[in-house]
Each structure stands twice: as structure tokens, then as C-alpha cells.
Amino acid sequence: AGQAGGAGQAGGAGHGPEDDGPPDHGHDHESHDHGAHSHDHAAGAAPRALALALALTASFLVVEVLAAWWFNSLALLSDAAHMFTDCAALAIALTAVKIGQRPPDARRTFGYRRFEVLAAAFNAILLFLVAGWILYEAVRRLLVPVEVQPLGMLGVTALGLVVNVIGMRILTGHQAKSLNVKGAYLEVWADALGSVGVILGSVLIWLTGRAWIDPVVAVAIAAWVLPRSWRLFADAVHVLMQGVPRGSDIAAIRAGLSGIGGVAEVHDLHLWTVAGDDINLTAHVVLAPGALHETVRHRAARLLDDGFGIRHMTLQIEETSCQPDAELHA
């Protein structure tokens, strides 16, 4: 498939005036270890945050279910249903993080981190199901109104909102780094908004005596949750389909590599993420006549690291392109 100058794994490149020369492998190794250490520290913090949020949410769930039954409130029950999905989402997220921390092995060379993406997709589906159930129950209650006790609803939901806010605060520092934790965070956030809706609804029912406000609030909560659930599901599917990571410009990366001195052509460029917070790249780089293999490889690694934040890359350096001739495609 053509003459290849060699294929190499290019990690974080060294920096300084001598960057056009071969990399200092000792410096590369040291930089890689530092990054791995930081990731392990962050990964260790996420399970603790998830476990704390889960314990807090599960404790209040029991209270809210009993209150929904006692005060005969669908809005309160819908909020309790959200609280249940919060618990499920947090438990799934916690399990996924624990499994995702397992090191790569002979069967799964990328490790188990993609399990977190599967968990995020499952949480999105769970949100869809809960929203659908709430819509169904709301229609039933609009047709046959049921008397509710607004003051009891108000007290219980206000306490639930406090629990939600604390849970959101616990997860805030981790949700931007993991699609899985983001799914759990979205569950808690949706429930917090639902609590606000139930509080407003209970006040309106208390002031007006109109019981139909209860199912209307439930419908509004479901309508808010559905599009956000879809976005989470779409993000998870995008990762599973090995789509280009969000925020990455593959055209700019291709142009940057093609513009390196000594590069004649770039092809078979692939960009994907394993778990949503990492970027992986493979590419074939064809040398211009007289270009040095190690010099071009090092320049490419430095460009990808410094210019695009890509540290996990495999570059196949070729003296002659391994692509089939154009006439073969005719």
C-alpha cells in the first residue's frame, strides 16, 4: 500500500527553539504522566460527588412519595417521579464512573470509559419515559379533576427544592467534564425546575381553588424536560457513532497539518472521542521530497497539541501516499 516512512504514536511534544528536531522522549513521558495524574484525581472526585448527591436525593425521595400520596397531588407525584429518576440517574452514573475507571485490558484496549456514554444515553431514555407518563396522567386529570391540598404540596416541594439545589451544587464542578455526569446533573436540574413549578402551582391553587392548575404544571415540567433529554441522547449517540468531538474543526485541523513544512498531503484523517471529554486522532501524512520523517512528525505533534489540544494521536508518515490512484475510483 505504498512506501511508508513509518508509523508512530505521537504524544505531547516538547517546546522550545529546538522543536523542529526530534522530541525529547524523557520530557514527553513526563508530560504524559502529569496529565494522567490530573485525570485520575478528577475521576476520583466524581464518584464522591455522585455518591453524596445520591444519598441526599434518595433520602428525600421517600418523603416526597409519601407526601404525594397524602396530599393527592399529581404535580407533587411528578416531582417525586423526577426525584426517582434522579436517584436512578445518579446510581447509574456512579456505577458507570466506577466501571469506566478500570484500566484497558487485552479485550478492551480503550478501557471501559465508553460505558459512561451508554449510561448517559440510558438516562436520557429514562427522562423520555417519565415525561411521557406525566403527560398521560396530566391528560387524565384534566378530564377528571382531582382535589389537592396546596399548602402541604408547598411545604414538601420547598424542601425538595433545597435538596435539588444542594445536589446541583455538588455536581456542578464535574458535569462539564463528563457526558455521564452531565446526564445526572440534567436530571437534578430538571427536578429543581419541577419543584419551582410545583411551588408556583400550589400557591395558585391555594389562591384560586382551581385544581386543574396541578396537571397543567405537570405538563409544563414534562415539556421542559423533553427537548433537553433529546439533546443529551443526541450527544451520547454522536459519541457512540464516533462523530467529530463537539467544538473540534476537522477542516482546520486538516489545513493545519497540510500547511506544515515538509508535508505534501494529508489523508485518512479521523477524529473521535471515547467518552466525550477526550480527543483522539489518526492520520496519514505524506512527506514532500527531501523532508525528514522525525522533523515532520514532531512538527505535526506540536501543532495538534498546542493548536488544537489533541494529545492522543497516531500519525502514519509516508514517503509515498498509500491512497489508491484516482483512476481506480473511475
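Student: In which hand of crossing does α3 pass α5?
Tutor: First, some background: this is a predicted model, where local features need pLDDT of at least 70 and side-chain atom pairs count only at pLDDT 80 or more, while totals for chains, interfaces and linings use all residues. Residues are numbered from 1 along each chain as its sequence is written, and side-chain values use heavy atoms, leaving out hydrogens and water. Helices (H or I, at least four residues) and strands (E, at least two) are DSSP runs, numbered from the N terminus. A crossing is left-handed if the near helix is turned anticlockwise from the far one by less than a right angle, and right-handed if clockwise. Here, α3 passes α5 in a left-handed crossing.

Student: At what angle do helix α3 and helix α5 pack?
Tutor: Two packed helices are described by the angle between their axes and the distance between the axes. Axes are lines fitted to C-alpha atoms, for helices over the stretch in contact, and angles run from 0 to 180 degrees between N-to-C directions. Helix α3 (residues 114-143) and helix α5 (residues 179-208) pack at about 20°, their axes 7 Å apart. That makes α3 roughly parallel to α5 (angles under 35 degrees count as roughly parallel, over 145 as roughly antiparallel, 65 to 115 as roughly perpendicular and the rest as oblique).

Student: Which residues make the contact?
Tutor: Contact means heavy atoms within 4.5 Å. Among those on α3 are Val 117, Ala 120 and Leu 127, and α5 brings residues including Leu 179, Ala 184 and Leu 186.

Student: How are α3 and α6 oriented to each other?
Tutor: Their angle is about 160°, with the axes 8 Å apart, so α3 and α6 are roughly antiparallel. This crossing is left-handed.

Student: What comes just after α5?
Tutor: Gly 209, with a positive phi of about 75°. Likewise, α6 is followed by Gln 242, whose phi is positive, near 55°.
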